[in-house]
Structure formats: C-alpha cells, structure tokens
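Trainee: Can you walk me through this model before I start on it?
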Amino acid sequence: MSYIHLDRVSVEIPIYSGLDRSLKLSLFRSAADTGLLRSAGGTIGRDRRDRIVIRALDEITLQISDGDRIALIGRNGAGKTTLLRVLADVMEPVSGTIKISGRVSTLFNVSGLMDPELPGYDNVFFAGGLIGISRSRLKKLMPDIEAFAELGDYLRMPVRTYSAGMMIRLGFAIATCIDPDILLMDEVIGAGDTHFVDKAIRRAQELYKQSNILIAASHSPTLLQGLCNKAILLEGGKVVSMGSFESVTKFYEDNPWSAGTAPQQAAE
C-alpha cells in the first residue's frame with residue numbers, strides 16, 4: 001500500500017547575503033508590524049538564525065492514500081512546485097515530518113537539465129541519469145523515446161539548435177520512462193503544437209494508470225480534469241481547500257480573494 005503523510009511541514013528559502021542590503025532591509029521593514037508579509041510566493045520574515053527568508057510552505061498537513069489522484073491548484077507562487085519538490089526529496093523542510101510508502105517517480109520538465117552542447121541522443125543519458133533512470137534502462141527505452149519525440153535526425157544534433165517545442169518533446173519523452181507507485185507531475189507539457197499536446201496527454205493518462213497515487217500541477221485544466229479525482233488549493237504556502245476536483249475548482253473560481261485573505265475550507 002502506498003501513502004503520503006505530511007505533518008506540519010514548512011519550507012523556508014533564504015534571501016541570500018548577495019542581495020542588496022537596502023532591499024533586504026526594505027523587505028523586512030515592510031513586515032515589521034506583523035512579523036510576516038503575505039505575498040503570492042509565500043511569506044517574508046526572519047528564521048531562527050535571523051536571516052530574512054521566504055516561507056514557501058507553511059505547516060502543510062496532508063494524508064494521501066492509494067487511489068488518490070490529486071490536482072494542485074493555485075496562482076503562480078502559491079507553493080505547488082515547492083510541495084512537489086519536497087515530496088520528490090529535492091528540497092528539505094525546515095520543520096515537520098514526511099512519511100512516504102512506495103516508489104516515487106517524478107515527471108518534471110527535464111529540458112532545463114540538458115547540456116545544450118550535447119546531441120539529443122547524449123542528452124537522453126545525461127538528463128535521464130539526473131532524474132534517476134539507469135543507463136541500461138535508457139538504452140532499452142531508446143526506440144520508444146525516439147518514436148515519441150519524433151525528432152528524427154535532430155537527435156544527432158546539439159540541443160542548442162532545437163526550438164522550445166523540440167526541447168519539450170525530448171524532455172517529455174525522457175521523463176515518461178518510469179514505472180511508479182507514486183507519480184509527481186509538474187508542468188511537463190509546456191510549449192508544443194496541438195498534435196504533441198494531445199499525444200502528451202494520452203501518454204500521461206497511460207502513465208497514471210500504472211501508479212497508485214498521482215499528484216499533478218499544470219496550467220492545463222483539460223489535463224488535470226482527465227487525470228484527477230481530488231484537488232488541493234494552495235495560497236501563500238498554505239492549504240486553503242482539499243476535496244473533490246469539482247468542488248475545489250469551483251471554490252477557486254468563485255472566490256477571487258487576494259493573497260493573505262483566503263478563508264480556510266475544510267477538506268471533504
């Protein structure tokens with residue numbers, strides 16, 4: 001049985017010392033009266049070492065079980081990607097506990113992991129290795145990657161010669177070479193023509209059927225609606241609402257509240 005349990009998990013991102021001191025002081029003085037300043041990207045305050053930080057996740061508590069297919073909903077900066085990175089063990093929380101049972105695989109946009117000077121074929125092994133796919137497995141999966149990406153002879157050319165759409169095609173083909181218990185998906189389709197987007201949605205739907213738990217963030221309502229039975233609404237690093245996909249998306253659409261004023265809605 002697969003599950004994900006989060007208990008009061010918080011993530012803080014330091015504003016590093018290289019930032020102009022006057023800007024750091026200005027940011028903090030703006031929050032001096034309340035201790036924390038709510039923003040689209042979290043809250044600004046000081047940590048235990050007196051550093052100025054952005055709290056990207058604020059005491060998140062979740063219970064996710066087999067069969068849950070969850071859409072992460074919220075504005076840019078609400079905490080969706082940070083939550084996925086914490087679950088993928090890419091980022092560490094500053095407080096709280098995380099318990100996960102099951103093999104976790106990530107379906108993130110891996111285009112940014114590619115070496116622009118390497119050919120497409122070499123980047124299959126380079127980027128694939130960075131997300132945890134073995135070289136031997138990638139060799140076996142190469143025909144499928146070639147067929148899905150539909151790049152032909154461009155796979156022998158440096159990826160710096162690729163268009164944005166071609167990069168997305170190759171990155172998506174690499175990222176979908178997985179067999180997960182728990183699948184984390186973050187804006188993997190991006191740019192692309194209608195043919196590729198439709199094919200990517202079909203691939204994602206096939207992939208999620210192999211997993212016990214799916215958690216997905218995407219700006220494509222069609223993709224999320226086709227994949228998910230539940231949703232979590234995040235705002236300022238907090239869980240505002242959790243329940244059925246239909247109820248949470250309707251709540252989001254019906255409540256155009258500003259950052260920091262969102263009411264808490266109990267999960268269904």
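Predicted model: local features only at pLDDT ≥ 70, side-chain atom pairs only at ≥ 80, totals over all residues.

Trainee: Which residues touch the most other members of the largest nonpolar core?
Mentor: Y162, L170 and L227, out of 48 residues. A nonpolar core here is a set of buried Ala, Val, Leu, Ile, Met, Phe, Trp, Tyr and Cys residues joined through side-chain atoms within 4.5 Å; buried means under 20% relative accessible area (1.4 Å probe, protein chains only).

Trainee: Which helix gives the most to this core?
Mentor: Helix 5, residues 164-175, with eight residues. Helices are DSSP runs of H or I, at least four residues, and strands are runs of E, at least two, numbered from the N terminus. Another core, of 28 residues, lies apart from that one and includes L6 and V239.

Trainee: What do the buried residues of helix 3 pack against?
Mentor: Helix 4 (135-149) and helix 5, counting contact as heavy atoms within 4.5 Å. Among those buried residues are N123, V124 and F125. Just after helix 3, G132 has a positive phi of about 95°.

Trainee: New topic: where is R55 found?
Mentor: In strand 4, residues 52-65. Its side chain makes a polar contact with the side chain of E12 at 2.8 Å, and one of 3.4 Å joins the side chains of R55 and S10. A polar contact is a pair of N or O atoms within 3.5 Å; within protein, one must be able to donate a hydrogen and the other to accept it, and residues adjacent in sequence count only if both atoms are side-chain atoms.

Key. Residues numbered from 1 in each chain as written. Heavy atoms only, no water. Buried < 20%, exposed > 50% of the residue type's maximum accessible area, 1.4 Å probe, protein only.
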